[in-house]
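Here's a quick briefing to read with the model open in your viewer. Have a look at the fold first, then come back for the details.

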Amino acid sequence: LADADLAASVVMEEIRALMKSSTPPPDYVSLGCMDCAFDCKCPVCQESMQRHKGSYSNLYYTFLNKVAVACRREFPGLWITAYVYANVRTPPVGMTIEPNIVVDVVTKSYHWVEPARLEAEKDRIRAFADLGAGWITHDWDFSGVTPRIYNRQWAAFLQWGAQNGMK
């Protein structure tokens, strides 16, 4: 991620190939990170992480923005999706997010029985939206291992989302 221009050019080659080979072409391309914390040891990444309290979000969204700008030129209407997860779960600082980027907020609805946790999640989502990102949600409700279903909390959240720009 230290060389966002190089990384974006490599990704654009892959997107061009995907767009040529897919019928119909996709509406979105996911550039989400994996669900584990990562720690690049290069000086650029380490300096950015220290400056941003352990977050790679500024590096990540610099890269995503470069891809998004190129995609808007070459493939208008193509969305770039990215998980808000692991080391990139916090909004980047001092930058905007391109309008064709949709963040996929990884959340856990079973936490929403605690009003403070629900409000913190809404604040985090609003912070991304305020930077220009569209948003969707990915609920890790663990319904297979959690013996309860949180339908009321989920329904209330979806209503809030509909009123607050959820795609």
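This is a predicted model: local features need pLDDT of at least 70, side-chain atom pairs count only at pLDDT 80 or more; totals for chains, interfaces and linings use all residues.

Residues are numbered from 1 along each chain as its sequence is written, and side-chain values use heavy atoms, with hydrogens and water left out. Helices (H or I, at least four residues) and strands (E, at least two) are DSSP runs, numbered from the N terminus.

**The sheet**

- Four strands make up an open sheet in the order β1-β2-β3-β4, and the pairing is parallel; two strands count as paired if DSSP finds at least two bridges between them.
- β1 (28-30) and β4 sit at the edges with a single partner strand each, so one side of each has no neighbour in the sheet.
- On average, neighbouring strands of this sheet are turned by 30° against each other, direction ignored.
- Three bridges hold the parallel pairing of β1 with strand β2 (residues 79-84).
- Within that pairing, V29 has I80 in β2 as its bridge partner, and S30 has T81 in β2.
- On to the next pair: β2 and strand β3 (residues 101-107) run parallel and are joined by five bridges.
- I80 turns up again here, with I101 in β3 as its bridge partner.
- As background, strands of a sheet pair through backbone hydrogen bonds, either parallel or antiparallel.

**Helix α1 against helix α3**

- The axes of α1 and α3 come within 9 Å and cross at roughly 40°; axes are lines fitted to C-alpha atoms, for helices over the stretch in contact, and angles run from 0 to 180 degrees between N-to-C directions.
- That angle makes α1 oblique to α3 (under 35 degrees is roughly parallel, over 145 roughly antiparallel, 65 to 115 roughly perpendicular, and the rest oblique).
- The crossing of α1 past α3 is right-handed, the term for a near helix turned clockwise from the far one by less than a right angle, with anticlockwise being left-handed.
- On the α1 side, the residues that meet α3 include A4, V11 and I15, while the α3 side includes F63, V67 and A70.

**Aromatic residues**

- Searching the whole structure turns up nine aromatic pairs; rings of Phe, Tyr and Trp (its six-membered ring) pair if their centres lie within 6.5 Å, with planes under 30 degrees apart counted as stacked, over 60 as edge-to-face and the rest as tilted.
- W135 and F157 have ring centres 6.1 Å apart and planes at 65°, so this pair is edge-to-face.
- The pair links distant parts of the chain, with W135 in strand β4 (residues 134-139) and F157 in helix α5 (residues 151-163), 22 residues apart.
- W135 and F157 are both buried (buried is under 20% relative accessible area, exposed over 50%, partly exposed in between, with a 1.4 Å probe and protein chains only).
- One aromatic cluster is formed by W112, W135, W154, F157 and W160.

**Two single positions**

- N65 lies in helix α3 (residues 57-74) and counts as buried at 10% relative accessibility.
- Leaving aside neighbours within four places in sequence, N65 is in contact (heavy atoms within 4.5 Å) with M95, T96, I97, E98 and I101.
- L18 belongs to helix α1 (residues 4-21) and is partly exposed, with a relative accessible area of 32%.
- With neighbours within four places in sequence again set aside, L18 is in contact with P26 and V29.
- L18 and W140 are 122 residues apart in sequence and 29 Å apart in space, C-alpha to C-alpha.
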